[in-house]
Amino acid sequence: MRFSYSDRKKKHEETVNTNYDLLVIGGGITGAGIALDAATRGIKTILIEMQDFAAGTSSRSTKLVHGGLRYLEHLELGLVREVGHEREVVHRNAAHIVIPEKMVLPIIEDGNLGEFTTSLALYVYDFLAGVKKSEQKKMLTREETVELIPVIDSPLLKSGALYYEYKTDDSRLTIEVIKKAVEFGARCLNYVKAESFIYDDNGKIKGVNAVEVLTGKTFSVFAKNIVNATGPWVDGLRKKDKSLKGKRIHHTKGVHIVFDRKRFPVNYAVYFDTGDKRMVFAIPRQDIVYVGTTDTDYYGDLKNPDVTEKDVQYLLDAVNRIAPSLKLKKEDVKSVWSGLRPLIHEEGKDPSELSRKDEIFFSDSGLISIAGGKLTGYRIMSKDIVKIVSKRLSETDGREFVKCQTKNLRLSGGEFPFYPDTAGLIDYADRKYDEVKHTGISVNEFKRLFYRYGMNIDKISEKAFDYYIETRDTKKSWLKAELYYSVNYESVATLSDFFIRRTGMIFFYIDEIYDLMNDAAEIISEFMNWDEKTKNRNIEDLKKELKKATVF
Ligand SMILES: Cc1cc2nc3c(=O)[nH]c(=O)nc-3n(C[C@H](O)[C@H](O)[C@H](O)COP(=O)(O)OP(=O)(O)OC[C@H]3O[C@@H](n4cnc5c(N)ncnc54)[C@H](O)[C@@H]3O)c2cc1C
C-alpha cells in the first residue's frame with residue numbers, strides 16, 4: 001500500500017475536517033503500536049510525529065527484542081514473564097527483522113552472577129518466558145566459553161552460559177508497525193509537531209494545534225481521545241496540559257560504540273560484567289560489533305543526546321576487562337549513538353536501578369500519557385492503552401469494539417506464506433535471490449535487503465529489474481529501487497531518513513554512506529521534485545548526522 005510523504009497533501013482537507021476517535025502524539029514504537037492496535041479494532045486513528053518515525057529513542061536502543069534477564073536481579077518477575085513471552089510473538093510477526101541470536105554470558109570472578117545464580121536465573125528465565133526447548137540455556141565450562149568467543153581471554157573468566165535473545169532493527173520494526181497501521185486505515189504523519197492543545201468549554205481536550213515541520217504550515221487536528229506517547233518528551237506535553245503532577249520522567253542516557261568486527265572478532269553476542277555491578281552487550285552484525293550501553297542521568301537536549309569521552313571510555317574499559325589482549329582504544333571506535341530512556345523517577349535510586357516498567361498517566365482534561373517500558377513490550381503497552389480508549393468510546397458513542405487483534409497479526413514485510421522459522425526464511429530468501437541474480441546483485445547484498453524488507457522485497461526487486469534493463473548498472477539500479485520503495489511506501493521525507501532509519505546504514509554500514517550519498521540525493525530529488533537547494537540542504541544535514549556519529 002502506498003505511503004508517501006508527498007501524497008499527504010492530497011488528503012489534507014480530510015485530515016483537518018475529520019473528528020478522529022484517537023489522536024496519537026509520537027511516532028516511536030509506542031505510538032506506532034497504539035495506532036496499529038486501534039486501527040485494527042475499527043477506531044479512526046491519526047498519529048503525528050514531529051521528526052521522522054522512530055527518530056527518538058526507538059532508533060537508538062540496543063536493538064534487542066529480549067526478555068530482560070537483568071530484571072531478574074531486581075526481582076521484576078512479572079516484567080520478565082511478560083516481555084519474555086512477547087519476544088516470541090514479535091519474532092513470529094516480523095520474522096525478517098526479529099532474528100534469534102545466540103548470547104554468551106561469561107561468568108567471571110567476583111561478577112554480578114556466580115555459576116549457581118546464573119544457572120538458576122536462566123532456569124527461571126526459561127520458565128517464566130516460556131522459552132522453547134531448542135533455545136533453552138546451556139551452562140558452559142571455561143574451555144567451552146573460550147572456544148565460542150576466543151577473545152574473552154581474561155584470567156577472571158571462570159565459565160559461561162549460552163542462551164537466546166532476538167536481535168532487531170528498532171527503527172525498521174517501528175516503520176513496519178506504522179505501515180501495517182496505515183494498511184488498516186490509520187493516518188500516520190511524520191514531521192508534524194503537536195504545538196499546543198485545544199480544549200472545549202469544560203476544559204476537556206479535543207485537539208491539537210499542529211505544525212508541518214518541514215514547511216511551517218499550521219493546522220488543527222481534532223479527536224475524541226488524545227494519547228501522549230512521546231517517550232522522553234512525555235512530561236513536556238503533560239506540562240503543556242497543566243497536568244504534570246505526581247510521578248515524573250527520569251531521563252537516563254544510553255550510549256553504544258561501534259567497532260570493526262576485524263578489530264573485535266566475535267561470532268556470538270556477549271552479555272558481560274562491566275566491573276561496577278552493571279552488564280553490557282557486545283552484538284555482532286555483519287562487519288561490525290556494537291557495545292552498549294551506559295546508563296547515566298541526563299538533563300540536556302532531548303533530540304540530540306551527546307556522547308562524552310567518559311561514556312566511550314567506560315565501554316572501552318568494560319570490553320578490555322573481559323578481553324584484555326584486544327587493547328581497544330578510542331581510535332578503534334568507528335561510530336557511536338546515544339539514546340534516552342524515559343523512565344519513571346523513584347526517589348533515591350540510581351539510573352540502573354530504576355524500573356523499566358511502563359506507566360500510564362491520566363489527566364483531568366482527558367489526556368492519556370504513557371511512558372517507560374521496552375521496545376519488546378510495545379504490543380502489550382498498546383493493548384492496554386487501546387483498551388482504555390475503546391472503553392471511553394463505548395461510553396461516549398455507544399459503539400462496541402473487538403478485542404485486541406495484534407497477537408497473530410503479521411507486520412508489514414512479515415506476512416510469509418509459511419511459519420517463519422530460520423530454515424524456512426533462508427530457503428525463501430534463496431529462492432527470491434534466484435529470481436534476481438541475473439541483475440548482478442551479490443547474494444550478500446540481496447540478503448541484506450531481504451532481511452530489511454521481508455515480503456516487500458518483491459516490490460524492490462521488480463523495480464530493480466526494470467532499472468537494470470534500462471541501464472545495466474547493478475549498483476545504481478538496486479539503490480534506485482530501494483529509494484523508490486522508501487519514498488513511495490515508507491514515507492521517507494529526507495535523505496537522512498533513508499540512511500539512518502529506513503536502512504540503519506549509519507549504525508551498521510556507515511562507511512558505505514559516503515559512497516552512496518550523492519547518487520542517493522540525485523535519485524530522491526527526481527522522485528520528490530526537489531530543487532538544487534533542497535537537495536544540497538539534505539546532503540548537508542546528512543553530513544551533520546555523520547559527524548555526530550563519528551566525532552566524539
Ligand atoms: C540506550 C537504550 C537501549 C535500549 N535497548 C532496548 C532493547 O535492546 N530492547 C528493548 O526492548 N528496549 C530497549 N530500550 C527501550 C526502548 O528503546 C524504548 O522503551 C522505546 O524505544 C521507547 O519508545 P517510545 O515510542 O515510547 O519513545 P520514542 O521512540 O522516543 O518516541 C517518541 C516520539 O515522540 C515524538 N514527539 C515528541 N514530542 C512530540 C510532539 N510535540 N509532537 C509530535 N511528536 C512528538 C518524538 O520525536 C519521538 O519520535 C532501550 C532504550 C535505550 C535508551
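Select K63, in the loop between β2 and β3 (64-65). This is a predicted model, so treat each stop as part of a prediction. Check the backbone of K63: phi is near 65°, a positive value in a residue other than glycine. Most residues other than glycine have a negative phi, and most peptide bonds are trans.

Select G292 and T293. The bond from G292 to T293 is cis, with omega near 25°. T293 sits in the loop between β14 (288-292) and β15 (296-297).

**The domains**

Now zoom out and colour by domain. Domain 1 covers 6-57 + 171-246 + 359-397. Domain 2 covers 100-164 + 250-353. Domain 3 covers 422-550.

Keep domain 1 and domain 3 on screen. Their C-alpha centres lie 29 Å apart. Twelve residues from domain 1 and nine residues from domain 3 make up the contact. Which helix gives the most to the side of domain 1 that touches domain 3? Select α6: it gives the most, with four residues. By class, that side of domain 1 has six nonpolar, three polar and three charged residues.

**The ligand**

How many residues surround the ligand? There are 38, and the closest are G26, G28, G56, G231 and G254. Sort the shell by class: 13 nonpolar, 19 polar and six charged residues.

Now show the secondary structure. α2 (29-40), β2 (45-49), β8 (192-199) and β16 (333-344) each supply at least two residues of the shell. Bring back the domain colours. Why does the ligand lie between domain 1 and domain 2? Both domains give residues to the shell around the ligand, so it lies between them.

**Helices α2 and α6**

Show the side chains. On α2, pick I29, A32, G33, A35, L36 and A39. On α6, they meet D170, L173, T174, V177, I178, K180 and A181. The contact of α2 with α6 divides into nine nonpolar, two polar and two charged residues.

**Helices α3 and α4**

Move to α3 (residues 77-93) and α4 (residues 115-129). Their axes come within 7 Å and cross at roughly 65°. This crossing is right-handed. Select L77, V80, R81, G84, H85 and R87 in α3, which meet Y125, L128 and A129 in α4. By class, this contact has five nonpolar, two polar and two charged residues.

**Helices α14 and α16**

For the last stop, select α14 (residues 495-502) and α16 (residues 510-528). They pack at an angle of about 130°, with axes 9 Å apart. That makes α14 oblique to α16. α14 passes α16 in a right-handed crossing.

L495, F498 and F499 in α14 meet I513, M517, A520, A521 and I524 in α16. What classes of residue make the contact of α14 with α16? Colour by class to see eight nonpolar, no polar and no charged.

Note on methods. Residues are numbered from 1 along each chain as its sequence is written. This is a predicted model: local features need pLDDT of at least 70, side-chain atom pairs count only at pLDDT 80 or more; totals for chains, interfaces and linings use all residues. A residue is near a molecule or strand if its C-beta atom, placed from the backbone, lies within 6 Å of it. Ala, Val, Leu, Ile, Met, Phe, Trp, Tyr, Cys and Pro count as nonpolar, Asp, Glu, Lys and Arg as charged, and the others, Gly among them, as polar. Domain bounds come from an automatic or database domain assignment. Two residues are in contact if their C-beta atoms, placed from the backbone, lie within 7 Å. Axes are lines fitted to C-alpha atoms, for helices over the stretch in contact, and angles run from 0 to 180 degrees between N-to-C directions. Angles under 35 degrees count as roughly parallel, over 145 as roughly antiparallel, 65 to 115 as roughly perpendicular and the rest as oblique. A crossing is left-handed if the near helix is turned anticlockwise from the far one by less than a right angle, and right-handed if clockwise.
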